[in-house]
Amino acid sequence: MSLPSQIPFVDLVAPHVEMEAELLDVTRTVLRSAGFIGGPMVADFEHDFAAYCDAEHAIAVNSGTDALRFALLAAGVTEGHLVLTVANTFIATTEAITQAGARPQFIEIDERTYNLDPRRLREFLERECVFDARVRRTIHRRTSRPVTAVIPVHLFGQCADMDPILELAERFNLTVIEDACQAHGAEYFSKAENRWRKAGSMGRLAAFSFYPGKNLGACGEGGAVTTSDDEMARRVRMLRDHGQAKKYYHDIEGYNGRLDALQAGFLAAKLRRLDGWNQARREHAARYKQLLAPLAPALTLPHVPNNSRPVFHLFVVRVADREGLQQHLAGAGIGTGIHYPIPLHLQKAYVALGYRKGDLPITERAAAEIVSLPMFPQMTEAQLRHVAGAVADFLAPRKAVEAEPLAAAAARG
Ligand SMILES: *Cc1c(COP(=O)(O)O)cnc(C)c1O
C-alpha cells in the first residue's frame with residue numbers, strides 16, 4: 001500500500017468541497033434576500049441546534065467567546081465574583097470571566113480525562129469557602145469574594161463528570177455554565193437522572209463555538225448559547241443585540257454579538273451532517289486505539305469512562321518526550337498540535353492572579369506531555385495506519401505497528 005505523504009492535523013478543505021453546491025445555494029439565497037444579519041435563517045438554525053442539544057433555546061452569537069461572556073452576564077456574574085474553572089482550556093474561557101468583571105479561580109483536573117475533577121471542586125468549596133445559608137451565597141474565605149459560577153469545560157469533545165458538579169453547584173448555589181465549545185453532540189450518562197444527556201443540556205447555560213475547526217464549524221466566526229431557562233434565553237438575546245428587546249428600545253447596554261445569516265445557513269447545512277462526522281471521528285479513535293495499544297505504557301491513550309460518549313474533537317495522547325515525537329511526526333509529513341502548551345495560570349496575561357508553577361501539578365504535567373494527533377472525519381484507513389506507524393517508529397522501533405498483522409493488534413486492543 002502506498003502511504004500518503006502529507007497528513008494535515010485537520011483538513012478543512014475536504015468537507016467544504018464535499019458540500020460546495022449546498023453552501024453556494026445558501027449564499028445565493030442570502031444574496032437575493034439581502035437579509036444578512038438575523039432573520040429566518042438564523043431563527044431556523046437556532047431551532048435546529050436547540051433540538052440537537054436537547055435544550056429549549058439556542059441563541060446564535062458571534063463566537064464561542066461571546067457565548068461564554070453572555071452566559072456569565074445573563075447569570076448575573078459581575079464585578080468581584082469568583083468563577084471556578086480549569087487552567088487547561090483555551091483562554092476564551094477565562095477572558096469571558098474577566099470581561100464579565102469576575103476573577104477566574106482554577107481547580108485541578110482529573111489526571112485521566114483532563115477534565116475538571118469534582119473531588120477537587122468539592123475540596124475547594126468545603127475547605128476554602130463558607131456557605132451563608134440565609135442568603136444562599138458562597139463566599140471565598142481568604143478574599144471575601146462571592147463564588148457564583150462554575151464553568152466545566154468538556155475538553156477534547158468529552159463531557160466533564162457532570163453529576164457531582166451539578167450536585168455541588170446545587171448545594172453551594174453556583175450557576176453551572178458548560179463550556180461545550182469542543183463538544184457538539186457529546187453525551188454523558190447521568191446516574192442521577194438515569195439517562196444519557198447531551199452536552200449543552202446539563203448546565204443552566206452552555207456555550208458553543210462554531211470556529212471553523214470545531215466539530216460543527218462555520219465558514220467564519222460563530223457561536224451559540226443553549227439553555228432551557230426562558231429568562232436566561234431572554235437576557236442572552238438582549239445582550240447579543242445591544243440590550244434591546246425591540247429596535248432602539250434599550251433596557252440595558254449590550255454588545256454587537258449577532259450571527260450572520262450566511263453563517264447560520266452554512267451551519268444548518270452542516271448540522272445535518274454532524275452525527276455522521278462525529279461517528280466517523282469515533283471510528284477513527286477506535287482504530288487509533290487498536291493500532292496504538294501495543295505502545296503502552298510509553299504512550300497514554302485517551303481515557304473514556306463508561307458514562308461518556310465523546311465526539312473526539314481532538315485525539316490527545318501523552319508521551320514523556322512530546323517534542324521528540326512531534327518532530328519525528330513532522331519529519332514523516334504528519335501535522336500535530338498541543339492543546340494547550342501553557343496552562344492559563346502560568347500565562348503572562350494572568351501574572352496578576354498570583355499563581356505559581358507547582359500550584360496545579362496535574363494540569364502542569366499534562367500540559368508538558370500531551371500531543372494531539374491528526375483527527376478529522378475524512379481521515380482514511382491508510383492515513384490512520386501511517387500516523388500510528390510513525391508513532392510506533394518513534395516509541396518502539398522494533399514493535400512497529402505498520403509491520404504487525406492487523407488481527408494481532410486488534411486482538412490485543
Ligand atoms: C474554541 C473555544 C472557545 C472559543 O470559541 P471562539 O468561537 O473561538 O470564540 C472557548 N472555549 C474552548 C474550550 C474552545 O475550544
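Three strands form an open sheet in the order S9-S8-S14, with antiparallel pairing. The model is predicted: local features need pLDDT of at least 70, side-chain atom pairs count only at pLDDT 80 or more, and totals for chains, interfaces and linings use all residues. Residues are numbered from 1 along each chain as its sequence is written, and side-chain values use heavy atoms, without hydrogens and water.

**Sheet**
- Strand S9 (195-198) and strand S14 (308-309) are the edges; each has a single partner strand, so one side of each lacks a neighbour in the sheet.
- Helix H7 (residues 162-171) packs on the sheet and touches S8 and S9; contact means heavy atoms within 4.5 Å.
- The direction of H7 makes about 65° with that of S8. Axes are lines fitted to C-alpha atoms, for helices over the stretch in contact, and angles run from 0 to 180 degrees between N-to-C directions.
- Strand S8 (residues 187-190) and S14 run antiparallel, joined by two bridges. Pairing requires at least two bridges found by DSSP.
- Glu187 has Arg309 in S14 as its bridge partner.
- Helices (H or I, at least four residues) and strands (E, at least two) are DSSP runs, numbered from the N terminus.

**Ligand site**
- Around the ligand are 16 residues, of which Gly64, Thr65, Gln182, Ser209 and Lys214 come nearest; near means a heavy atom within 4 Å.
- Thr65 places a polar side-chain atom 2.5 Å from a ligand oxygen atom.
- For Gly64, a backbone N or O atom lies 2.7 Å from an oxygen atom of the ligand.
- Gln182 has a polar side-chain atom 2.9 Å from a ligand oxygen atom.
- The protein covers 93% of the 380 Å² of accessible area that the ligand has on its own (Shrake-Rupley method, 1.4 Å probe).

How values were computed:
Polar contact = N/O pair within 3.5 Å; in protein donor to acceptor, adjacent residues only side chain to side chain.
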